[in-house]
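Welcome to my notebook. I jotted down what I looked up, one stop at a time.

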Amino acid sequence: MSAPRAPLRPLDDALAELLRQAQTLEGTETVSTFEADGRVLAGDLISALQVPPHDNSSMDGYAVRSSEIADEGVALPVSQRIPAGTAAEPLLPGTAARIFTGAPIPSGADAVVMQEDAEPAGEQLVRIMRVPTPGQWIRRSGEDVSRGAVVIAKGERLSAAALGLAASIGMDRLTVRRRPRVALFSTGDELVMPGAVPPEQMKPGAIYNSNRFFLSALLRRLECEVSDFGIVPDRRDATVTALREASRDHDLILTSGGVSVGEEDHIKPAVEALGSLDLWQIAIKPGKPFAYGKVGGSHCMGLPGNPVSSFVTFLLLVRPFLLELQGATRLVPVAMRLPAHFDLPRMDKRREFLRVRRDAEGGVALFPNQSSGVLTSAAWGDGLVDNPPGTSIANGDLVSFVSFAELLA
Ligand code: AMP
Ligand code: MG
């Protein structure tokens, strides 16, 4: 029995439609800056101070008035010693101040002579061996952050560096968007959990559930709270029961498998028993079937069962959707143009996402088997080449590469 074929939907249309459906979730929480890695900032972070707070030395050496050192070899008395963390006295005319990295520049001084360019001459005298230029080795107050500036904008996902930057303006707590709550389940009677049956005792037709592992990891990387409902049997009633329970308190129900229109595919009728679901045939390879709908207040997405399709569809559609739920502003990574170090003479009508790996020559190599069931391609690869429909690739052609380092972050 063949179901009517829906027209293929371009990926960009599908994504735009999903993002229209996604509303930023209500609710923020204030967490320790230590715990905010990967979370989305709920409001602009504005600095109440200058960073650095005062002009300071970027070297161990001597603070001087540059106008007093016309020639190398000038000897100056050392009038004070300024370690980091202390307050400096004004620099007495005709003297130098011993100074250390990070210590405030004394008023009157306009340059630092690094200690490698100075020779102590007796107890309290230093000889300057290189004529300083005004301003040298001084880090200016506010050169990193000026008071009142937006240091990190609302909607940014916080990186390790951003946590440090927030701390540098005195923030020990940050207000971030709440985590999306996601219910995850796998469908398929052939699926067995690793650990439940040893490899040598697997029945014919049985396979291990691999999607559950990467989907769970991907969701957690996107700061989701995951409720794992495990494997739901290929039966309408069991699927309805699981969906009903999941819809109670989750923002998204994410399923893998069972999303086609065969009689073993129960996601569509089960979701329709409780809410609504549209099956989309997306014009991408791998990963054609995809479902979006609603059950109660929950969004519902059905990913294809083939592991690589599931993986790629998650990255292209579910990831930006989850970031949108969190109010993030950057939803998709920037692609790079890199030379292909392979030939792809065949072309596909669909936009294709090839699993590739960067090589030492600055290009990308293709995993030889691009089948949607071959998960090795995704584990071997370090990114995807986004190849437009109907495009063959010859060695040396520039292709559009998106790194897993960004897509999996
Ligand atoms: P389906 O979309 O349910 O028709 O599944 C398509 C293919 O993906 C079949 O070969 C399934 O056995 C396989 N598959 C479905 N779910 C999983 C899973 N969780 N882990 C590994 N393979 C799966
Ligand atoms: Mg199935």
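Is Asp189 buried or exposed? I looked it up, and Asp189 counts as exposed, at 52% relative accessibility. Here buried means under 20% relative accessible area, exposed over 50%, and partly exposed in between (1.4 Å probe, protein chains only).

Before going on, I noted that this is a predicted model, where local features need pLDDT of at least 70, side-chain atom pairs count only at pLDDT 80 or more, and totals for chains, interfaces and linings use all residues. Residues are numbered from 1 along each chain as its sequence is written, chains are lettered from A and ligands numbered from 1 in the order in which they are written, and side-chain values use heavy atoms, with hydrogens and water left out.

**Entry: a charged patch**

I found Asp189 in the loop between strand S13 (181–187) and strand S14 (191–192). Helices (H or I, at least four residues) and strands (E, at least two) are DSSP runs, numbered from the N terminus. On the surface, Asp189 gathers with Glu190, Glu263 and Glu264 in a patch of negative charge. Such patches are made of residues with over 30% relative accessible area and no salt bridge, with like charges joined within 9 Å.

**Entry: salt bridges**

My search of the whole structure gave 16 salt bridges. I count one when a side-chain nitrogen of Lys or Arg is within 4 Å of a carboxyl oxygen of Asp or Glu.

One of them pairs Arg351 with Asp12 at 3.3 Å, N to O. Arg351 lies in strand S23 (residues 351–358) and Asp12 in helix H1 (residues 11–21), so this pair ties together parts that are 339 residues apart in sequence. Asp12 is exposed, at 51%.

Next I looked at Asp348 and Lys285, whose side chains meet in a salt bridge at 3.1 Å, N to O. Asp348 sits in the loop between strand S22 (336–339) and S23, and Lys285 in strand S19 (residues 284–285), 63 residues apart. Asp348 is buried at 16%, whereas Lys285 is partly exposed at 24%.

I also checked Glu352 and Arg346, which form a salt bridge at 3.2 Å, N to O. Glu352 is buried at 4%, while Arg346 is partly exposed at 36%. Then I noted that Asp12, Arg351 and Asp386 are joined into one network by salt bridges that share partners.

**Entry: a serine in a loop**

Which residues does Ser66 touch? Leaving aside residues up to four places away in sequence, I found Asp110, Ala111, Pro132 and Pro134, with contact meaning heavy atoms within 4.5 Å. Ser66 lies in the loop between strand S4 (61–64) and strand S5 (74–82), and Ser66 is buried at 11%.

Notes: Patches are made of residues with over 30% relative accessible area and no salt bridge: like charges are joined within 9 Å, nonpolar side chains (Val, Leu, Ile, Met, Phe, Trp, Tyr) within 5 Å. Accessible areas come from the Shrake-Rupley method with a 1.4 Å probe; for residues, only the protein chains shown count as cover. Lys and Arg count as positive and Asp and Glu as negative; His and the chain ends are not counted. The place of a charge is taken as NZ of Lys, CZ of Arg, CG of Asp or CD of Glu.
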